[in-house]
Each structure stands twice: as structure tokens, then as C-alpha cells.
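Here's a quick tour to read with the model open beside you.

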Amino acid sequence: MSADLPSVDSGWNYYDPSASEANFRDLIERGRSANDQAYVAEASTQLARSIGMQRRFEQALRILDEAEAMLTDDMTRAHVRVLLERGRVANSSGNPGDSVTIFERAFELAKSASLDGLAVDAAHMLGIAEVSDRSMTWTERGIAIGESSTDPKAKRWLGPIYNNLAWTHNNLGRHEEALALFEKDVTAWESAGRPFEASIAVWAQGTTLRMMGQVDRALAIQESLLDHPDRRGKPAEGFTHEEIGECLILLGRDAEAAPHFRIAFERLDDRLQGSEPDRLTRIKRLAGLE
């Protein structure tokens with residue numbers, strides 16, 4: 001790829017898929033101007049991903065078809081990314097079973113080419129798409145690659161993959177294991193210079209402590225996040241207030257909990273309406289808004 005072109009991944013704003021879409025369209029045009037077909041193919045896979053995140057799955061698949069048609073034998077990275085994004089479209093559109101074979105192909109191709117960052121990405125996605133013990137096996141495999149790799153792109157995946165495995169342990173009632181992983185998650189994000197993501201891992205630590213019955217410690221952690229500048233006014237702030245409210249109820253301080261649930265409802269109404277309506281109904285009731 002041309003040294004004059006920016007990294008394909010520089011187009012990402014993961015919290016704004018539509019802005020990312022515009023960025024990738026610009027990168028594709030720059031790649032075309034430089035007559036760099038490998039760059040165009042790779043940037044096209046990320047355009048497809050940004051579009052898939054907006055749930056325009058058919059359009060995403062058409063773009064991936066176009067990217068795949070550009071591939072030549074020496075474009076291994078772009079080939080892996082075509083597979084990864086096909087798998088993500090299948091998984092996000094409600095076909096996780098179909099995505100597994102695709103992610104496995106991406107993993108094997110990335111491993112054979114020593115593309116550790118993409119191999120960890122594939123293992124991370126297999127941990128999401130697979131079920132039960134197979135999910136944990138793939139997640140642990142991704143962690144092993146990321147921790148042993150010298151590839152910075154592989155290291156950057158450790159935060160998300162620690163998070164996924166920790167929540168799997170929490171869902172199985174293995175809270176001590178989850179807490180240890182969230183501690184590693186905080187460190188990974190701090191090392192990457194990502195304070196907002198580190199704050200999410202801290203929030204998860206507090207939530208796990210509440211599940212373990214260590215409510216006073218959990219409350220102190222959540223209260224420490226209230227002044228975090230990257231969380232104010234965002235859904236993350238709403239999740240913090242929700243957790244503070246849950247802790248206060250467990251401590252028998254229901255009257256103090258209601259204002260926190262009211263803020264949680266204001267911040268999370270749009271976010272939870274479609275995905276978790278029962279959770280939103282509980283927040284609204286505990287806020288005294290019904």
C-alpha cells in the first residue's frame with residue numbers, strides 16, 4: 001500500500017458509524033486517486049462495516065462483493081477483512097450460526113499470514129458468535145494470541161476481549177473470575193490511552209462487586225465515575241446512575257435511589273427502548289415516573 005495514504009483504520013469513529021461511513025468513502029477515493037487497489041479493497045471492507053453497524057445489511061454485502069472482486073493473491077490482509085466483515089454482517093443480521101464458518105476461515109487465514117491483530121479480531125468474534133464452552137475457548141485463544149504478540153494491533157484487541165470473557169463469567173455466576181478480568185481490562189485500556197473505555201471497565205468492576213454482595217465497595221466505585229468528563233451527558237452516565245440506584249436499594253436507601261433512576265431514565269430512554277424494554281420499565285418505575 002502507498003506510504004502516502006493514511007491507515008485504513010484512521011477512518012473509524014466507533015461511536016458514530018455514519019461519520020465513519022463518510023470517512024471511509026473519502027479514504028476509498030484517495031486510494032483510487034493513488035491507484036492503490038489493495039487500499040481501496042481494504043477501506044471498502046470498513047465502509048461495509050460502518051454501514052452494517054447502521055443495519056443496512058444488503059448494502060454492506062454489495063460493497064463486500066465489490067471488495068472481494070478486487071482481491072488478488074497478494075492481498076491477504078484485505079481478504080481476511082472481507083471475511084471478517086461478511087461474518088459480522090451475518091452475526092448482526094441474526095444469523096450467528098452462518099457467521100461461525102466465515103470467522104473460522106478469517107482466523108485461519110490471518111494466523112497463516114501472521115496477521116495477529118486480525119486473528120485476535122476473528123477469535124473475538126467467534127467468542128461472540130459461538131455458544132457455551134466453544135465461545136470461551138475462542139475468547140481464551142484470542143487472549144493468548146494478544147498477550148503473546150508483539151503486534152500493537154493485537155494488543156489493542158485485549159480490552160474488548162477481556163470484557164467479553166468477563167461478562168461470560170459473570171453470566172455463569174463466576175464473579176471472582178470476572179472481576180480479575182475486568183481489572184486486566186482497565187489496565188489494557190489505560191495502556192492504550194483510552195480513558196472512556198477504561199471507565200466502562202471500572203463501571204463493570206463496580207457492577208460485578210454488587211453481584212458479589214459487596215455493595216458498599218460497588219457504590220463507592222460508581223460514585224467515583226460521576227465526575228468522569230467523558231461520561232457526562234452520555235448513556236454511560238445513565239448506566240452509572242442506574243447502578244448507584246441499584247446499590248442504594250440494596251442498602252435500604254430507596255428514597256435516595258429515586259433521583260438516580262430518574263437521571264438514568266433520561267439518559268437511557270432512547271438507548272433501551274428497542275433493545276431492553278423491561279429494563280427501561282424497571283428504571284422508570286424505580287424513578288417514580290409511572
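Predicted model: local features only at pLDDT ≥ 70, side-chain atom pairs only at ≥ 80, totals over all residues.

Residues are numbered from 1 along each chain as its sequence is written, and side-chain values use heavy atoms, with hydrogens and water left out.

**Helix 3**

- Helix 3 runs over residues 57-70, which makes 14 residues; helices here are DSSP runs (H or I, at least four residues), numbered from the N terminus.
- From first C-alpha to last, helix 3 reaches 20 Å, close to the 20 Å expected at 1.5 Å a residue (the expected span is 1.5 Å times one less than the number of residues).
- Its buried residues are Phe-57, Ala-60, Ile-63, Leu-64, Ala-67 and Met-70; buried means under 20% relative accessible area, exposed over 50%, and partly exposed in between, with a 1.4 Å probe and protein chains only.
- Look down the axis of helix 3 and those buried residues fall within an arc of 125 degrees, so they line one face of the helix (the arc is taken from the directions from the helix axis to the C-beta atoms).
- The face turned away from the buried side of helix 3 carries the exposed residues Glu-58 and Ala-69.
- Packed against the buried residues of helix 3 you'll find helix 2 (37-53) and helix 4 (76-92).

**Helix 7**

- Helix 7 takes in residues 132-148, 17 residues in total, and its end-to-end C-alpha reach is 25 Å, close to the 24 Å expected.
- Buried in helix 7 are Ser-135, Met-136, Trp-138, Thr-139, Gly-142, Ile-143, Ile-145 and Gly-146.
- The cover over these buried residues includes helix 5 (96-112), helix 6 (116-129), helix 8 (152-156) and helix 9 (158-171).
- Zoom in on Ser-135, which is buried at a relative accessible area of 7%.
- Leaving aside neighbours within four places in sequence, Ser-135 is in contact with Leu-126, Gly-127 and Glu-130; contact means heavy atoms within 4.5 Å.

**Nonpolar cores**

- The largest nonpolar core has 58 residues, and Val-80, Leu-84, Phe-107 and Ile-283 have the most contacts inside it. A nonpolar core is a set of buried Ala, Val, Leu, Ile, Met, Phe, Trp, Tyr and Cys residues joined through side-chain atoms within 4.5 Å.
- Helix 6 gives the most to this core, with eight residues.
- Another core lies apart from the largest one and has 22 residues, among them Tyr-39, Phe-57, Ala-60 and Ala-78.
- Back at Val-80, contacts beyond four places in sequence are with Ala-106, Leu-109, Ala-110, Leu-115 and Leu-118.

**Salt bridges**

- There are 18 salt bridges in the structure, each being a side-chain nitrogen of Lys or Arg within 4 Å of a carboxyl oxygen of Asp or Glu.
- Glu-42 and Arg-81 form one of them, with the closest N and O atoms 2.7 Å apart.
- Glu-42 sits in helix 2 and Arg-81 in helix 4, so this pair ties together parts that are 39 residues apart in sequence.
- Both Glu-42 and Arg-81 are buried, and together with Asp-9 they are linked in a network of salt bridges.
- Arg-88 and Glu-85 also meet in a salt bridge, at 2.9 Å from N to O.
- Those two are three residues apart in helix 4, which means about one helical turn separates them.
- Arg-88 counts as buried at 10% relative accessibility, and Glu-85 is buried at 3%.
- Glu-276 and Arg-279 pair up at 3.3 Å; Glu-276 is partly exposed at 33%, and Arg-279 is partly exposed at 24%.

- Glu-246, in helix 13 (residues 235-250), is buried with a relative accessible area of 11%.
- Outside its sequence neighbours within four places, Glu-246 is in contact with Arg-210, Phe-261, Arg-282 and Leu-286.
- Tyr-15 lies in the segment before helix 1 (17-33) and is exposed, at 55%.
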